[in-house]
Amino acid sequence: MAKFINKREHGVRVEYSRSFMRKTGAGGFAFPCDEHGNLIVDPARTSSTLAGLVSRVAALVDDTSYRDDGVRRDEWPTVTAAVIECERCRAHVTLSGFTNTCSCGADYNMSGDMLADRFQWGEETGESVADILAADSDSDDEFDGGRCSDVDGRL
Ligand SMILES: [Zn+2]
């Protein structure tokens, strides 16, 4: 059994947005903010983008076709993959998929168990190594968890 450096952890990422929706139905606008509705300034945005954002929000506040939905809270489930120490070379291997390969070529399952050498894969089932590795792309859906949200305040 491989030595675990970090166990797999489940968490929650919380994001807030100030939301303005059209009173007629679909459509609207929101911007990232803190839990009090204060705009979060993204340093990657240019100042002209920020100026446009501020003027758009100001226009929305005065536009009676929009409804101010206040501060919206969204929660996103997160998963931090476990990390093990490779039994062969002591390198760290992140267990993020169905099959996790160390730089030395050793393969591990998601539980940290070392798998048989690849030349043995599919001996009993007739599958190829490519067939088995393709299962990884199917398992990525596991992390697309549900989403909960509610409006918990107004400015
Ligand atoms: Zn290794």
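Modeller: What follows goes from the chain as a whole to the core and then to the sheet. This is a predicted model, in which local features need pLDDT of at least 70 and side-chain atom pairs count only at pLDDT 80 or more, while totals for chains, interfaces and linings use all residues. Residues are numbered from 1 along each chain as its sequence is written.

The protein chain has two helices and nine strands, taken as DSSP runs (H or I, at least four residues; E, at least two) numbered from the N terminus. Of its 155 residues, 9% count as buried, that is, with 20 or more other C-beta atoms, placed from the backbone, within 10 Å of their own.

The largest nonpolar core consists of eight residues: A2, A82, I84, C86, V93, L95, C102 and Y108. Such a core is a set of buried Ala, Val, Leu, Ile, Met, Phe, Trp, Tyr and Cys residues joined through C-beta atoms within 7 Å. Two or more residues each come from β5 (82-85) and β6 (92-95). Beyond its neighbours within four places in sequence, L95 is in contact (C-beta atoms, placed from the backbone, within 7 Å) with R8, A81, A82, I84, N100, Y108, M110 and G112.

β5 and β6 also belong to an open sheet of three strands, ordered β1-β5-β6 with antiparallel pairing; strands pair if DSSP finds at least two bridges between them. β1 (3-6) and β6 are the edge strands, each pairing on one side only. Three bridges join β1 to β5, and F4 stands opposite I84 in β5.

How values were computed:
Buried ≥ 20, exposed ≤ 12 C-beta atoms within 10 Å, placed from the backbone. Contact = placed C-beta atoms within 7 Å.
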